[in-house]
Amino acid sequence: MKIALLDDDPVQLETMAATAQDLGYRAVLFSRAQALISALRKDTFDLLIVDWNLPDRSGLEVLAWARTNLRPPPPMLLVTSRSEDDDIVTGLNAGADDYLPKPLSPPVLAARISALMRRVYALPSAPGAEVHADTLFDESAGAVVRDGQTVVLTAKEFALALLLFRNLHRALSRTYILETVWGNEPNLNSRSLDMHISRIRTKLNLRPEQGFRLTPIYSYGYRLERIGATDEVEPAIRDEAPSVEETTE
């Protein structure tokens, strides 16, 4: 999972990065608000940790942008030297899910990160079987079971399918998917993700008539939806209104 860190103080930024990495998360560092907003248009982050006072734009503006334009927005933690009650109320009302005064304590920051992740994401406690949308993922067998049918997948197909089902109705960027499933493979073919998506769609029959829609999001990535489970899902980035087209593979 990936965390975006925004702070113009390099010492605080390194403290946050070290804490996130110690918890096993990938940390991406930003020192300007606009740089983070630009990244959010292209990539997926599981948590935003945002400083209030920044040189170019207020951290509150970043929170508001994420709440308005990302569907669904990731959890957001506001960090700041402002610690008065009115400041905390303002920060939370601006869209923060939690508020942490500076100077930052790494153990407290780690606890807040873990709490937010537990609250928002269904994090597996241990390897084994998981059930998502009436679909069983058996990691030991590398197999998926739905409607009584067992489908054996390759290791990469299994990891990709599990990632998509863990994030139902959530747009995932190509970069996020590649980093999560393939890691840092230097010789990875750029078409490999598209081929694996096609195979998963076929093997697991992820078609509208079967209750699922696996769609590409133009210039962004992919999203798996369970049809009828929620209201119509809005675009990943509202102000850019990326087109969503289903392939005919």
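How many bridges join strand E3 to E4, and do the two run parallel or antiparallel? I found 4 bridges between E3 (residues 47–51) and E4, which run parallel; strands and helices here are DSSP runs, of at least two residues for E and at least four for H or I, numbered from the N terminus, and strands pair if DSSP finds at least two bridges between them.

I noted that the model is predicted, with local features needing pLDDT of at least 70 and side-chain atom pairs pLDDT 80 or more, while totals for chains, interfaces and linings use all residues. Residues are numbered from 1 along each chain as its sequence is written, and side-chain values use heavy atoms, without hydrogens and water.

**Strand E4**

I looked up the cover of E4 (residues 76–80) and found 5 of its 5 residues buried, meaning under 20% relative accessible area with a 1.4 Å probe, protein chains only. Met-76, Leu-78 and Thr-80 point one way, whereas Leu-77 and Val-79 point the other way. Leu-78 stands opposite Val-50, and Leu-78 also stands opposite Tyr-99 in E5. I then saw that E4 pairs with E5 (residues 98–101) over 4 bridges in the parallel sense.

**Helices H6 and H7**

I found H6 (residues 155–166) packed against H7 (residues 174–182) at an angle of about 130°, with the axes 10 Å apart; axes are lines fitted to C-alpha atoms over the stretch in contact, and angles run from 0 to 180 degrees between N-to-C directions. The contact (heavy atoms within 4.5 Å) includes Leu-160 and Leu-163 of H6 and Tyr-176 and Trp-182 of H7.

Notes: Buried < 20%, exposed > 50% of the residue type's maximum accessible area, 1.4 Å probe, protein only.
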